[in-house]
Every structure is written in structure tokens, then in C-alpha cells.
Amino acid sequence: LTIRFASRIIKAKNVPYFLGSFSSVGLFFIFALYGIRPAVLWAIRQTPDGEPMKEVYIFGVFITLFGCGFIGEAIGLSAVISCFIVGLVIPDGPPLGTALSEKLDSFVSVLLMPIFFAICGLQMDVFAIQTAKNIGVIHLVVFVAFLGKVVGTIAPPLFYRMPFRDALSLALIMNAKGIIELTIIIQKMKTHVSIRGCSLRHKTD
């Protein structure tokens, strides 16, 4: 998706936009790795072992999350993707990871996730699937994606001698987690529409 996205921008003869978007995303990654992560590690070191995280540090993480979401939308990365990157640089487990999970899990799982999936479903044009060829292509894509994810998930655990039943269970669980993939596809579709609009305006000019 990223390669096709870059090639479409170049084909639309909008190289400055491509360079600006690419450099902005790169700077955001650098900021997340060398700005946010050291600050989070410093906050963890300030918390004694066995004690809960101070509320001011958790509040700081929330503010950082909202700020990075705004930055992601501003540079064309999507707020969900930018917040996902922030989540990757935050260490898992106690004290901070556990505290964030306890405070956000029920709110995200019960309220935000169903709303997001409902919005994704409403954006799909089911009436565009009118021919048997379209249905076949959709089934083929779903089957290949499912099979590839199952094989890719089963192979490493089996290599390390995990029981096949446990490896298969892990693969099926991984197939049920697709929020980031949905976000990327929706974001690229929106960007593709904007690129086509820029290309048409360029040809008109």
C-alpha cells in the first residue's frame, strides 16, 4: 500500500507533496523514538517498584496521545496510525502499561471500537458488488489474507516447538485483530481520492 501510494503521488506529478509528506512522517517517527520514548522511560524510572504510577504521568501520556493524533491528521498520517505508533514506543507491563490498560480498556473496547467498526462498515459501498467476478475477487482476497496470516503466525511458534493446537489458536486470534489494517486501507482510499483530484486540477491547469 505504501509503495502504491508513493507511486501514485509521483504519477500525479506532485513530487513536492510526496517529499513533504515523506519527510513529515519520518520526523514523526524520530520524535516518537527519541522524544516520547525517553520521556516515558524517565517517568517509569521515577516510579518506585511496586507503587502505582502517578496520575500526572498518566495525564501527560494522554495529552501526548491527543497531540500526536492531531499531528498525524495534520501531516496526512491519520490520527489512529500516529496514536498506534505512540503505543508502540510505550513499554508494556507495569507500571505505565498496566495503568493505561486498566484506565482505557473498558472505554475503548466497549465504546470506541464498536463505533469505529460501524463507521468502517457505513463507508463500504455494498451495492458496488454487482457481478460474480467482483464477488470472486473479494473471496479470493479474503482467503489469501486469511491463509497468509494463519501460516505466518503458525510457523514461528511451531519452529520453537509450541503445540500445534496452541499455535493454531494464536493464528485465529491474530486473524480477528484488523483495526490497523482497516485504518490504513481507509486512509489510503481517502488519500487516493485527493491525489486524483490534484491530478485532475493539474491537467486542467
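A polar contact is a pair of N or O atoms within 3.5 Å, of which, within protein, one must be able to donate a hydrogen and the other to accept it. In this predicted model, the side chain of Thr47 makes such a contact, reaching the backbone oxygen of Ala43 at 3.3 Å. Thr47 itself sits in the loop that runs between helix H2 (15-45) and helix H3 (55-75), and, with a relative accessibility of 8%, Thr47 counts as buried. Once its neighbours within four places in sequence are left aside, the residues in contact with Thr47 are Pro52, Met53, Tyr57 and Pro95.

Helix H4 comes next. Spanning residues 79-89, helix H4 has Ile81, Ser82, Ile85, Val86 and Val89 as its buried residues. When one looks down the axis of H4, these buried residues fall within an arc of 145°, and therefore they line one face of the helix.

The cysteines remain to be considered. The structure holds zero disulfides, and Cys68 is accordingly in none, the nearest cysteine sulfur being that of Cys83, 6.9 Å away. For Cys83, likewise in no disulfide, the nearest cysteine sulfur is that of Cys68, at 6.9 Å.

Terms used
Residues numbered from 1 in each chain as written. Predicted model: local features only at pLDDT ≥ 70, side-chain atom pairs only at ≥ 80, totals over all residues. Heavy atoms only, no water. Disulfide = S-S within 2.5 Å. Buried < 20%, exposed > 50% of the residue type's maximum accessible area, 1.4 Å probe, protein only. Helix = DSSP H or I, 4+ residues; strand = E, 2+ residues; numbered from the N terminus. Arc of directions from axis to C-beta. Contact = heavy atoms within 4.5 Å.
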